[in-house]
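Subject: Structure for you to look at

Hi,

Here is the structure I promised to pass on. Please open it alongside this email.

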Amino acid sequence: MSAVVTYWAEHAWLPHANGPVVEQDVLIAVGPGGRIAKVTPDSGPCPPDAVRLAGLLLPGHANAHSHAFHRALRGNVQVGSGTFWTWRDTMYRFAGALDPDSYLDLATAVYAEMALAGITAVGEFHYLHHAPGGVRYDNPNAMGEALIEAAQRAGIRITLLDTCYLSSGFGAEPTKPQLRFTDGDADAWAERISDLKPAEHARIGAAVHSVRAVPAEQLGTVAHWAVMRKAPLHVHLSEQTAENDACLAAHGVTPTRLLGDHGVLGPRTSVVHATHLTDEDVHLLSDTSTIVCMCPTTERDLADGIGPARRLASAGCPVTLGSDSHAVIDPFEEARALELDERLRTRTRGHWTANALLRASTEDGHASLGWSEAGRIEAGALADFCVVALDTVRTAGPRPALGAEIAVYAASAADVRHVIVGGRHIVKDGTHQLVPDVPQALAAAIAALQ
């Protein structure tokens, strides 16, 4: 952006010394570079030259864990019954049908769906690297670059978490579907990922798929790549008890301890799921200030279990949220599920405040993806925000001062009216400005895979 754009918010969730509060009549000036130049609460009526935003202004949400192509599974994997492993077989079938062009179409539609839900940044946990059978594309990063391009077309930011995936399980050779995922060894992975280029809307991070998919002696290579570049590092951790059992059999330690012993944990690392942890695991994650990304809608869809999110947060681990397999894409549902699942587990209420849950979905999520300058509505921050209507059948009634509680416990993605990224109006009055018919784009992209 080169010119100053001014937005006027009817209500806005703003930082405050004693915790965020909802202010009214908030004027926000966005300067060059798409950053907030000034925030003025109680500014009076909307000036004639400002863009009026009715409802509650929030920072844009960060979807800290996404597998874009899993969106094609929605509905298909809810038929009948099954396990995580039968779900995975269906996922492999869809993965096998994708190429760079079809992935660009699908991911553009998925990221546009995220924008409609108020998501302004996504962490894409990307392991679908090569052609079927493991054949390298002429451009070895064609699939990753398609995802970066898709985010640009959808108007959101992306951290491409290029994922090292080498084994089908603790040294076993990759299965036929997994040949698309593997680079052979971690050195070859590091060589390929080093050619990926960041962009204004895109940053490059790293990921270890899991301890079962990267041999222990190669974990340090991935961690070193991230350390040298000060890049985010993400890893699936203890989503299934079967992973824990296999790790104990192979190495005599839990997956968390194995990651710690090989330098993977730390304040730039996010462990995803962390569902089945020992007391020692919790202490190790907290002692290393490791971030924990919870994906409640996927974890319950796959019957993974309820992870110890409250214990981890109390121990000092920042908590973030992701939609993972995209059973639904709704950051408000992920946020409230964190609290509501804990209520079911403990039969008590009040484990997180609404403010804390919104922070997990916004500021902490952005930080985990390497966008520490986003996720807050204050001068100097990136002008990335969304607006939730306060007059729908879900949100009407409560006082606007209860905006955080309304957003977390009542609102849904369907209540998002506006989304601004870098000061640019991406969603206006509930319509995506770059992908005008998102449902049709999704339907066409998914039909092409079937």
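Predicted model: local features only at pLDDT ≥ 70, side-chain atom pairs only at ≥ 80, totals over all residues.

Residues are numbered from 1 along each chain as its sequence is written, and side-chain values use heavy atoms, with hydrogens and water left out.

First, the overall picture. The protein has 15 helices and 16 strands (DSSP runs, numbered from the N terminus: H or I of at least four residues for helices, E of at least two for strands). Of the 450 residues, 59% are buried, meaning under 20% relative accessible area with a 1.4 Å probe, protein chains only.

Now the inside. A nonpolar core here is a set of buried Ala, Val, Leu, Ile, Met, Phe, Trp, Tyr and Cys residues joined through side-chain atoms within 4.5 Å. The largest one has 125 residues, and Leu58, Phe69, Tyr111, Trp225 and Leu312 touch the most other members. Helix α2 (residues 100-116) gives the largest share of this core, 10 residues. A second, separate core has 15 residues, among them Ala12, Leu14, Ile36 and Val387. Leu312 is worth a click: leaving aside residues up to four places away in sequence, its contacts are Ala274, Leu277, Val282, Leu285, Val292, Met294 and Cys317 (heavy atoms within 4.5 Å).

Finally, the pockets. On a 1 Å grid over the protein atoms alone, a pocket is an open set of points where a 1.4 Å probe fits, with protein on both sides within 12 Å along at least five of seven lines; lining residues have an atom within 4 Å of a point. The largest pocket has a volume of about 390 Å³ (the space filled by probe spheres set on the points). It is lined by 19 residues, with Arg157, Glu200, His201, Val421 and Gly422 the closest to its centre. Both α3 (142-154) and β15 (424-428) supply at least two residues of that lining.

The second largest pocket has a volume of about 310 Å³. Among its 17 lining residues, Val77, Ser81, Gly82, Thr86 and Trp87 lie nearest the centre, and helix α1 (residues 84-96) supplies the largest share, 6 residues.

Best wishes

Key
Buried < 20%, exposed > 50% of the residue type's maximum accessible area, 1.4 Å probe, protein only.
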